[in-house]
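Please read it alongside the sequence and the coordinates.

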Amino acid sequence: MRGRPNLYTDYNKESAIFSNNTQKSWFLIMVAFSFSLCFIASEYWIYLLTSSFLMSIAAWGLNIVSGFAGQINLAHGFFVGIGTYTSAVLGGIAGANVVGFELDMLLWLPLAGISAAIVGLIIAPITVRLKGLNLGLVTLALVFIGSHLFSNFKSLTGGAGLGRKVARLKLFGIDLENGYQIGDYFLEKNQILYLLSLTLCILCGLGIKNLVRSRAGRAYSAIRDGDIAAEAIGINIFRYKASAFALSSFFGGISGAMFFTVSGGVEPGTFNLLYSIVFVAIVVIGGAGTVLGPLFGAFFYTMFPAIIQLLLHVFEIGEQSLPLNLGQIERILFGLFIISFLIFEPRGLWGIWFRLRNYFKAWPFSY
Amino acid sequence: MTIFLQATVEGLSLAAIYSLVAIGFVLIYKSMDVLSFAQPALAVVGAGIISSLAVDRGIPFWLALILGIFLTGVLSLIIERTFLRPMVGEPVFSVAILTIGIDILLRTVLDSWIGINPRYLGDPFPTFGNFGAINVGGVNLKFLELTALVTAILIILILSVFFKRSKYGVAMRATSFDQEAALAQGINVGRIFGLAWFIAGILAAFAGFFITGGFNTLGQFSFLIALRALPAVVIGGLDSIPGAVVGSIIIGLTQGYVAYYQIPFENLIGFSLGSGFSLLAPYLIMFVILIFRPDGLFGTEEVERV
């Protein structure tokens, strides 16, 4: 239907991943651009982009359970932690007081996701029974139980304050820890990580988009919009709530497994309450219940310290002359962003994007 | 037996602190269906205000205490007016996340003020008796803990009279029962929201003082103690004030007993539960109770319509 992008003649077209060729070509351009950034961008920006990709995977995970299925989950960081430590144990090197098996990434990456999903399923009998605020509070308890476990299983996590090395980057038996030579071009470790994260991010993004239009995705939305009504039309609440938690944890686990390979080490204190809240904030700021929202949110969250630094630099404000240090300014702005997005733009960055897009659709007409 | 009594006393004084924060939670929840995650932050901010008045400004301690508690109430009122009022009628989830944002704001400002070294509140409690404590039959009683216990009981009594007898107390009960009907009866529901937050702020500041007073000091992690009032509220039921008190007693006593009996118990079962298990115990109890009673022990079951 050339020239009539909004005319859908069958259901398959309406629910297609890319509703028209423009979207598809923009997607391909963005993907090609992102891959090429690996060879253009400086080390710092590669680091930021890698973090954003991995953060958005975790945020997509939380979005399944909070955005699509409408269940509050304040313990997403706990599942990320489970994934991190699974991968660290399976793929890391054994140390003086930590275990490690040095397995291939092909093994530790999926297993990190699966172990997190299994933990999600184990607690499902509790989380499924509860709803609303009580669920939020139980998941809050989970954060504390998780950080207690992480600090006390010293042989797995290295213990509080000490931490351990995470999984080694070894793919198809090739050790990528010190970069990789392809013909004349030498790929640094951070570039490899960037490419891997980007690939994962694209796969997960397409996966989420696909999930939304599947039977499960529709069931999640139905549960979110009214669980009793959903049950009445024959949706198995237990199965779908549990699967939402498991899927969400799976994404979190994968993201966690990759995320700490960037820095190389992980300390149990990382997975505290604020860490879990960050994911909630990313989903809220980005736009809950949308596919693009968590991606926007994750980029926003990861980039905005850099943006603040850039602004300070542009306006030539010295860090010493400020009453608060940079970390505190970031946290204050972070809190303010959560509050102001909830009050002024509940649909988040996605909502702003949506309105911009619609504005330019009919530009220069405002209707 | 001495250990048992000691654990009981410490557990009860913790329960007193928790119940102050917990009642604040319940008041806010009952009046406007908001679970305020900012409550623990308000408690430590209250302690911070008292400390800055008494130590930095040199105001006499008892005056600083009263002023600090009042100012925290006002701060709480301001938070309600600016951030919470636009959110009336929004989904509970969004509002809960919003209070997390407020919590981050408050604590970041407070943490930057506290700095690296913990702050004293300048209270005279450590000078009473033998370093702030007396010894009765082998049980070490801290004056601060005893004061917390007495204050909490007094406040609970005052509040129960307030809710039964006073005009505003009755108005608050009416509002929590049905907002629209209360509005139709001429109750200023907006003012009731503000009042609930004001009282909750005052209670939080009291708790904040008892958490950080004496040798306890105000540090960056003090709020975690106040946060443990959340499991107490959940155990008791989000919308029940007696429940909040009972929940606090359960949580406080558990924490006290676990702190004293963990090591003998670990020797009995043969493996370690990990250091700091007494701080985790409240959350575990909440977990177990919610499995059996999703609405808490005293909470009213929510009736849902499609």
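## The strand pair of chain B

In chain B, strand S1 (residues 133–136) and strand S2 (residues 139–142) pair in the antiparallel sense over 4 bridges, where helices (H or I, at least four residues) and strands (E, at least two) are DSSP runs numbered from the N terminus and two strands pair if DSSP finds at least two bridges between them. S1(B) and S2(B) form a hairpin with 2 residues between them, and B:Gly137 in the turn has a positive phi of about 60 degrees. B:Val136 stands opposite B:Val139 in S2(B).

This is a predicted model, in which local features need pLDDT of at least 70 and side-chain atom pairs count only at pLDDT 80 or more, whereas totals for chains, interfaces and linings use all residues. Residues are numbered from 1 along each chain as its sequence is written, while chains are lettered from A and ligands numbered from 1 in the order in which they are written.

## Overall form of the two chains

The secondary structure of chain B comes to 12 helices and 2 strands, and its elements run α-α-α-α-β-β-α-α-α-α-α-α-α-α from the N terminus on. The radius of gyration of chain B is 20 Å, close to the 19 Å that the globule rule gives for 306 residues, so chain B is as compact as a globular protein of that length; the radius is taken over C-alpha atoms, and the rule is 2.2 Å times the number of residues to the power 0.38. Along its principal axes the C-alpha trace of chain B spans about 60 × 50 × 35 Å. Of its 306 residues, 49% count as buried, a residue being buried if 20 or more other C-beta atoms lie within 10 Å of its own, exposed if 12 or fewer, and partly exposed in between, with C-beta atoms placed from the backbone.

Chain A has 16 helices and 6 strands, and its radius of gyration of 21 Å agrees with the value near 21 Å for a compact globule of 367 residues. The C-alpha trace of chain A spans about 65 × 50 × 50 Å along its principal axes, and buried residues make up 44% of the 367 residues. Among contacts between residues at least 6 apart in sequence, those joining residues at least 24 apart amount to 76% in chain A and 74% in chain B, two residues being in contact if their C-beta atoms, placed from the backbone, lie within 7 Å.

## Contact between the chains

The contact takes 35 residues from chain A and 33 residues from chain B. On the side of chain A that touches chain B, the elements that give two or more residues are helix H6 (124–129), helix H7 (133–152), helix H11 (227–232), helix H13 (273–286) and helix H15 (326–344) of chain A, and H7(A) gives the most, with 11 residues. By class, this side of chain A has 25 nonpolar, 8 polar and 2 charged residues; Ala, Val, Leu, Ile, Met, Phe, Trp, Tyr, Cys and Pro count as nonpolar, Asp, Glu, Lys and Arg as charged, and the others, Gly among them, as polar.

Helix H12 (residues 277–292) of chain B has 16 residues, which should span 22 Å at 1.5 Å a residue, and its end C-alpha atoms are 23 Å apart, which agrees; the expected span is 1.5 Å times one less than the number of residues. The buried residues of H12(B) include B:Leu280, B:Tyr283, B:Ile285 and B:Leu290. What covers the buried residues of H12(B) includes H6 and H7 of chain A together with helix H10 (229–236) and helix H11 (241–269) of chain B.

## Core and an enclosed helix

The largest nonpolar core has 198 residues, and those with the most contacts inside it are A:Ile338, B:Val21, B:Ala43, B:Ala196 and B:Ala207; such a core is a set of buried Ala, Val, Leu, Ile, Met, Phe, Trp, Tyr and Cys residues joined through C-beta atoms within 7 Å. Helix H8 (residues 189–212) of chain B gives the most to this core, with 17 residues. Leaving aside neighbours within four places in sequence, B:Ala43 is in contact with residues including B:Val21, B:Ala207 and B:Phe223.

Helix H12 (residues 237–263) of chain A has 27 residues and reaches 40 Å from its first C-alpha to its last, close to the 39 Å expected. Because 21 of its 27 residues are buried, H12(A) is largely enclosed by the rest of the structure. H12(A) is followed by A:Gly264, whose phi is positive, near 95 degrees.

## Loop residues with positive phi

B:Asp33, in the loop between helix H1 (2–32) and helix H2 (39–56) of chain B, has a positive phi of about 55 degrees although it is not a glycine. B:Asp33 is partly exposed, with 16 other C-beta atoms within 10 Å. B:Thr217 likewise is not a glycine and has a positive phi of about 60 degrees; B:Thr217 lies in the loop between H8 and helix H9 (223–227) of chain B and is partly exposed, with 17 other C-beta atoms within 10 Å.
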